[in-house]
Amino acid sequence: MQFSGKTVIITGAGKGIGRACARLMAERGAKVVALSRTQSDLDSLAVEIGARGIRVDLADPAATRAAMAEAGAADYLINSAGINVLESVLDMTEAGYEAVLGINLRAALICCQAFARARVAAGGGGAIVNITSIAGHRGFQDHLCYAASKAGLEGATRVLAKELGPHGIRVNAVAPTITLTELAAEAWSNPAKSQPMMVRHPLNRFAEAEEVAQGIALLLSDDSRMVTGAVLPLDGGFLAV
């Protein structure tokens with residue numbers, strides 16, 4: 001089993017891509033430490049894959065640091081937690097900005113820092129994958145703060161890779177296209193909006209959460225041991241055309 005004997009911390013593990021990652025990593029032998037704000041999701045993951053759950057609201061920086069301390073040292077970190085608040089440029093609110101940037105960017109950086117400090121104290125090594133989005137590369141209506149958070153996380157990924165590389169810690173990101181999760185359903189449920197977007201993909205479809213999890217697992221694995229500071233599009237060719 002590819003990750004046998006390894007431990008992975010996954011934020012946003014209760015739903016969507018995070019949950020798909022938890023299932024896949026457990027299937028491939030890893031011990032999963034799941035962070036989520038919904039206790040029922042943690043309980044079901046414990047039953048399903050034996051994950052150790054930590055309930056936390058990642059919008060709270062102090063709570064995020066406490067949760068990472070409780071999680072302890074691990075071999076891998078997947079930053080999957082994310083939200084969106086659909087607001088136009090003219091209607092953007094401070095509350096929407098704080099919510100989206102707080103979870104999508106600030107919490108991810110806090111988790112990266114805590115993970116890295118524990119890895120350095122343990123002698124180095126390990127890998128991080130941050131989940132960004134094609135929204136950080138193309139402009140989508142009502143995604144102002146979301147796009148800023150994801151583009152920011154990609155920039156931070158490169159800095160993390162540069163500073164943590166000497167400690168043997170690899171840091172990469174994946175940029176999925178629209179992935180069929182609960183979060184995407186809110187933004188893309190209208191066929192009048194989704195169909196014109198779908199046909200811009202050479203593969204003519206959106207991604208499944210399990211496909212994104214497989215790309216993440218590849219970047220965490222030893223098959224990618226020379227890959228760091230990269231952003232891997234998981235987009236069905238969207239950014240290529």
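This is a predicted model: local features need pLDDT of at least 70, side-chain atom pairs count only at pLDDT 80 or more; totals for chains, interfaces and linings use all residues.
1. The largest nonpolar core comprises 32 residues, and the members touching the most others are Met25, Val32, Ile78, Ile216 and Leu220. At least two residues of this core come from each of the strands β1 (7-11), β2 (31-36), β4 (76-79) and β5 (127-131), and likewise from each of the helices α1 (16-27), α2 (39-49) and α8 (209-220). In soluble globular proteins, nonpolar side chains tend to be buried together.

2. Surroundings of Met25. Which residues does Met25 contact, once its neighbours within four places in sequence are left aside? They are Phe3, Val8, Ala30, Val32, Tyr76, Ile78, Ala217 and Leu220. Of these, Val32, Ile78 and Leu220 are listed, with Met25 itself, among the core members that touch the most others.

3. Another core, of 31 residues, lies apart from the largest one. Its members include Ile54, Met68, Cys112 and Leu153.

4. Ser133. This residue belongs to the loop between β5 and α5 (144-164). Ser133 counts as buried because its relative accessible area is 7%, under the 20% limit. Its side chain reaches the backbone nitrogen of Ala135 at 2.9 Å. Beyond its neighbours within four places in sequence, Ser133 is in contact with Tyr146, Lys150, Glu154, Val174, Ala175 and Pro176.

5. Ala135. The residue that supplies this backbone nitrogen is also placed in the loop between β5 and α5. Ala135 is buried, its relative accessible area being 4%. Not counting residues up to four places away in sequence, Ala135 touches Phe140, Tyr146 and Ala147. A C-alpha separation of 10 Å is found between Ala135 and Leu239, which are 104 residues apart along the chain.

6. Tyr146. Tyr146 is part of helix α5. Is Tyr146 buried or exposed? It is buried, because its relative accessible area is 13% and the limit is 20%. From Tyr146 to Asp222, 76 residues apart in sequence, the C-alpha distance is 31 Å.

7. Nonpolar surface patch. Val89, Leu90, Met92, Tyr97 and Leu144 form a nonpolar patch on the surface, and their accessible area together is about 530 Å². Met92 is located in the loop between β4 and α4 (94-121). With a relative accessible area of 39%, Met92 is partly exposed.

8. Positive phi values. Asp142 has a positive phi of about 65 degrees and sits in the loop between β5 and α5; Asp142 is partly exposed, at 27% relative accessibility. For Asn204, phi is positive and near 60 degrees. Asn204 is in the loop between α7 (191-198) and α8, and at 45% relative accessibility it is partly exposed.

9. Lys15 and Asp41. The structure holds four salt bridges. In one, the closest N and O atoms of Asp41 and Lys15 are 2.4 Å apart. This pair links distant parts of the chain, 26 residues apart: Asp41 is in helix α2, whereas Lys15 is in the loop between β1 and α1. Asp41 is buried, at 12% relative accessibility, while Lys15 is partly exposed, at 41%. Side chains of opposite charge can pair when their charged atoms come close.

10. Arg23 and Glu48. A salt bridge joins the side chains of Arg23 and Glu48 at 2.6 Å, N to O. Because Arg23 lies in helix α1 and Glu48 in helix α2, the pair ties together parts that are 25 residues apart in sequence. Arg23 is partly exposed, at 35% relative accessibility, and Glu48 is partly exposed, at 40%. A network of salt bridges links Arg19, Arg23 and Glu48.

11. Arg205 and Glu211. These residues also form a salt bridge, with their closest N and O atoms 2.7 Å apart. Glu211 has a relative accessible area of 30% and is partly exposed; Arg205, at 37%, is partly exposed.

Notes. Residues are numbered from 1 along each chain as its sequence is written. Side-chain values use heavy atoms; hydrogens and water are left out. A nonpolar core is a set of buried Ala, Val, Leu, Ile, Met, Phe, Trp, Tyr and Cys residues joined through side-chain atoms within 4.5 Å. Buried means under 20% relative accessible area, exposed over 50%, partly exposed in between (1.4 Å probe, protein chains only). Helices (H or I, at least four residues) and strands (E, at least two) are DSSP runs, numbered from the N terminus. Contact means heavy atoms within 4.5 Å. A polar contact is a pair of N or O atoms within 3.5 Å; within protein, one must be able to donate a hydrogen and the other to accept it, and residues adjacent in sequence count only if both atoms are side-chain atoms. Patches are made of residues with over 30% relative accessible area and no salt bridge: like charges are joined within 9 Å, nonpolar side chains (Val, Leu, Ile, Met, Phe, Trp, Tyr) within 5 Å. Accessible areas come from the Shrake-Rupley method with a 1.4 Å probe; for residues, only the protein chains shown count as cover.
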